[in-house]
Amino acid sequence: MTDHPKLTRRQLLATAGGVIATGVVSDLVSRREARAAVKPITVGFIYVGPRNDYGWNQAHAVAAKKIARLEGVKIVEQENVPETVEVEKVMEGMIHQDGAKVVFATSFGYWPHILKVARKYPDVLFPHIGALWKEGDPKNTIGYRGYMEEPHYLCGVAAGHMTKTGKIGFLGSKPLFFIFNNCNGFILGARSVNPKITCQVVITGDWNNPVREAEVTNSLIDQGVDVIVANVDSAKVVVENSERRGIYTCGYHTDLSELAPRGFLTGAEWNWAAGGQFVKAWQTGGPYTNLLRGGFRQDMVAISPFGKAVPEDVRAKIFRIRQGFVDDSFKLYRGPLKDNEGNVVLKEGQVIANDDNKFKLAVNFLVEGAIGKTGLKK
Amino acid sequence: MTLRSSVETAAISTAAVLVALLLFGGFAVVRGLDPLEVYRVLYLGAFGSWFAVQNTLTQAAPLMLTALCTAVPARAGLLVIGGEGALVMGGLATVLAGVLLANVPGPPGIALLCATGAVAGGLWVGVAGALRHWRGVNETISTLLLNYIAIAVLNHLITGPIRDFDQVLKPASWSVGEHLRIGDVPGTSIHWGLVFGVAACALLWVLMRGTTFGFAVDILGGNVRAARMAGLPIGAMVLVACFLGGAAAGLAGAVEVIAVHGFASSSLVVGYGYAGILVAFLARQNPLAIVFVSVLLGGISASGGLLQRRFGLPDAATLVLRGLLFVAVLASTTLYGRLRVFRRP
């Protein structure tokens with residue numbers, strides 16, 4: 001056994017070091033290759049108002065920050081862009097001057113302008129938040145939107161547990177189907193806790209009318225309402241006013257918990273960062289869908305962090321229901337269901353799927369327990 | 001205007017603009033930005049490429065016309081701030097005329113639409129002139145209030161009587177027929193409003209400089225008593241000056257309708273009228289200077305977006321620059337006649 005190879009300590013270290021080094025280098029190389037595979041891309045965000053409005057625009061700005069963290073993504077942002085030809089100029093500016101390949105124009109009324117610009121720039125992708133896309137529209141445009149009635153249902157559950165007077169309030173902006181869906185979700189959630197709860201519903205008629213919103217909040221509180229949610233562009237006024245008057249509130253659009261440290265329960269939030277999937281698809285040439293609606297199941301909506309007033313067991317219950325939305329075992333609209341004028345909407349046993357757009361887009365009623373009118377002529 | 005005074009105006013205005021830019025540089029430093037880089041992006045966004053230049057000129061076009069709404073009456077000693085209202089009324093009248101003249105062929109129809117818009121705007125501000133002359137109503141207040149009335153009329157009409165229900169996203173009026181629309185200047189993305197604006201400024205400059213009417217208006221603006229003593233028809237001149245100013249802004253409204261939107265909606269109310277006041281003052285009510293000042297302010301608006309995008313500045317940053325410009329130019333007006341270099345030897 002004289003020819004038995006002897007491994008000195010030095011040889012061993014050298015070999016081991018070599019192996020490790022090779023591993024590290026090859027790892028680095030493969031990582032660099034991986035990075036090179038992700039094409040750098042510039043993504044533009046256009047807001048109709050200021051980015052820090054505690055509402056609609058902030059929800060998009062929060063998403064923009066998340067999308068900016070995706071690999072190879074650089075973002076550019078412009079705020080206060082009106083829904084006129086101005087937005088076309090801004091989109092073209094982002095394309096020409098910043099080299100943007102994806103442009104998120106985040107206001108409803110931008111849509112006709114998006115269609116015009118999208119036809120001119122087929123190599124740029126234009127996701128839009130209205131879910132207005134229809135067959136025949138350019139393939140480089142996308143419509144997507146979340147089912148906000150689902151987080152509103154969870155807000156309603158929180159409200160149902162926390163209300164002492166049994167009266168809750170919903171302040172709406174426009175008499176539109178998605179506002180009614182949100183209102184219904186909120187009421188159904190609250191009444192799942194206690195079927196005696198009633199909800200005062202006030203529609204202001206404006207997306208943004210802080211004076212009227214403050215007045216409505218005060219009058220609701222004077223009537224004994226002790227939980228309010230407001231579906232307006234920015235719920236800041238309503239949330240702050242409610243906090244001052246010592247009642248509970250739920251947020252809308254984005255996380256408003258800092259505005260009401262005592263009375264904030266939770267809030268219904270969009271997860272516009274879901275738009276990141278379109279950026280990735282455009283970056284890699286992967287497939288994408290032109291029209292996307294979704295709730296918790298598709299990770300397109302969320303709830304705000306709970307306020308300290310909400311007890312543990314209520315939180316746990318809300319998380320359980322949210323899981324029900326995620327695995328689609330829980331349905332929001334279930335029979336028997338009546339509207340607040342006594343008409344039967346759903347019969348015993350009738351269930352509406354959470355992604356039944358045909359039903360949801362046609363909602364023009366308030367469910368039983370709502371005190372107020374849609375203001376629509378039927 | 002002598003050569004000497006022209007040089008004086010140019011030198012003082014340029015100095016004022018430079019001072020404003022310097023102050024804005026200070027603002028940039030406070031925000032933690034490199035001021036030189038900010039200036040570079042300002043230039044890039046305004047004039048740095050053909051795309052930027054077209055943007056700038058498109059932004060400048062309506063300003064030229066609305067600035068005249070303040071500048072022309074100002075020469076007669078009136079402070080009119082009704083450009084916004086006149087623009088809206090001009091736009092509305094254009095839409096109505098467009099519907100009535102739907103069967104008139106293109107070129108004459110377009111001329112008629114422009115004339116209608118101009119007359120509507122002219123009459124609108126003319127009302128303020130008449131109130132001023134016969135009832136002694138302060139024209140600044142009346143034109144300001146007329147702005148609100150015009151916007152209310154617009155909102156009323158487009159949400160009811162003339163609403164086009166095919167436009168679902170926001171209330172808008174009926175559209176003007178395709179054949180009555182004027183698009184962009186061929187080969188560019190600049191609409192024809194720029195040509196109208198430059199032409200109107202040149203025309204009014206000639207009127208103000210080269211005619212006895214212009215001379216008489218200047219006398220009226222300089223000293224009402226002297227004008228009265230000289231036997232000038234003051235009432236008529238006040239009315240004409242207001243009408244001409246309003247007509248320019250009304251034409252801007254007509255252009256917005258037939259060249260940009262195709263209909264009347266809240267898109268007409270985006271502040272061109274108010275920005276025009278700023279332009280008129282910066283240009284010291286001189287119609288030719290208005291052309292250049294409009295391009296300058298158009299450039300600032302055009303580069304505002306790039307400033308936001310490159311530095312993450314808020315939209316208000318361009319307002320800061322505009323405000324600094326305004327204050328610097330107003331302050332600089334005290335220098336006229338005081339600098340020894342420009343004095344007559």
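**Figure 1. The second largest pocket of the predicted model holds about 1200 Å³**. Its lining counts 50 residues. Val85(A), Glu86(A), Lys89(A), Gln59(B) and Tyr272(B) lie nearest the centre of this pocket. From chain A, helices α3 (85-97) and α4 (111-120) each give two or more residues to the lining. From chain B, the elements that do so are α3 (50-75), α10 (234-261), α11 (272-282), α12 (287-311) and α13 (316-332). By residue type, the lining divides into 18 nonpolar, 19 polar and 13 charged.

Figure 2. Fourteen residues line the largest cavity, and Gly146(A), Glu149(A), Phe177(A), Phe178(A) and Arg293(A) lie nearest its centre. Strand β5 (141-146) and helices α6 (177-193) and α11 (357-360) of chain A each supply at least two lining residues. Helix α6(A) gives the most, with four residues. The lining is made up of six nonpolar, four polar and four charged residues.

**Figure 3. A salt bridge joins Glu149(A) to Lys360(A)**. The N to O distance is 2.8 Å.

**Figure 4. Asp328(A) and Lys331(A) meet through their side chains in a salt bridge**. Here N and O are 3.6 Å apart. Asp328(A) counts as partly exposed because its relative accessibility is 28%. Over all chains, the structure holds 17 salt bridges.

**Figure 5. Arg132(B) pairs with Glu139(B) in a salt bridge**. The closest N and O atoms are 2.8 Å apart. Arg132(B) has a relative accessible area of 35%, so this residue is partly exposed. Glu139(B) reaches 5% relative accessibility and therefore counts as buried. Elsewhere, Arg51(A), Glu77(A) and Glu79(A) are joined into one network by salt bridges that share partners.

**Figure 6. Four residues of chain B form a nonpolar surface patch**. They are Ile141(B), Leu145(B), Tyr148(B) and Tyr274(B). Together they have about 410 Å² of accessible area. Helix α6 (residues 139-159) of chain B contributes the largest share of the patch, three residues. Ile141(B) lies in this helix. Its relative accessibility is 48%, so Ile141(B) counts as partly exposed.

Terms used. Residues numbered from 1 in each chain as written. Chains lettered and ligands numbered in written order. Predicted model: local features only at pLDDT ≥ 70, side-chain atom pairs only at ≥ 80, totals over all residues. Heavy atoms only, no water. Patch = residues over 30% accessible without salt bridge, like charges linked within 9 Å, V, L, I, M, F, W, Y side chains within 5 Å. Areas by Shrake-Rupley, 256 points an atom, 1.4 Å probe, with all protein chains shown as cover. Buried < 20%, exposed > 50% of the residue type's maximum accessible area, 1.4 Å probe, protein only. 1 Å grid on protein atoms, 1.4 Å probe; cavity = no way out; pocket = protein on both sides within 12 Å on 5 of 7 lines; lining within 4 Å. Points joined across faces, edges and corners; volume = space filled by probe spheres on them. Nonpolar A, V, L, I, M, F, W, Y, C, P; charged D, E, K, R; others polar.
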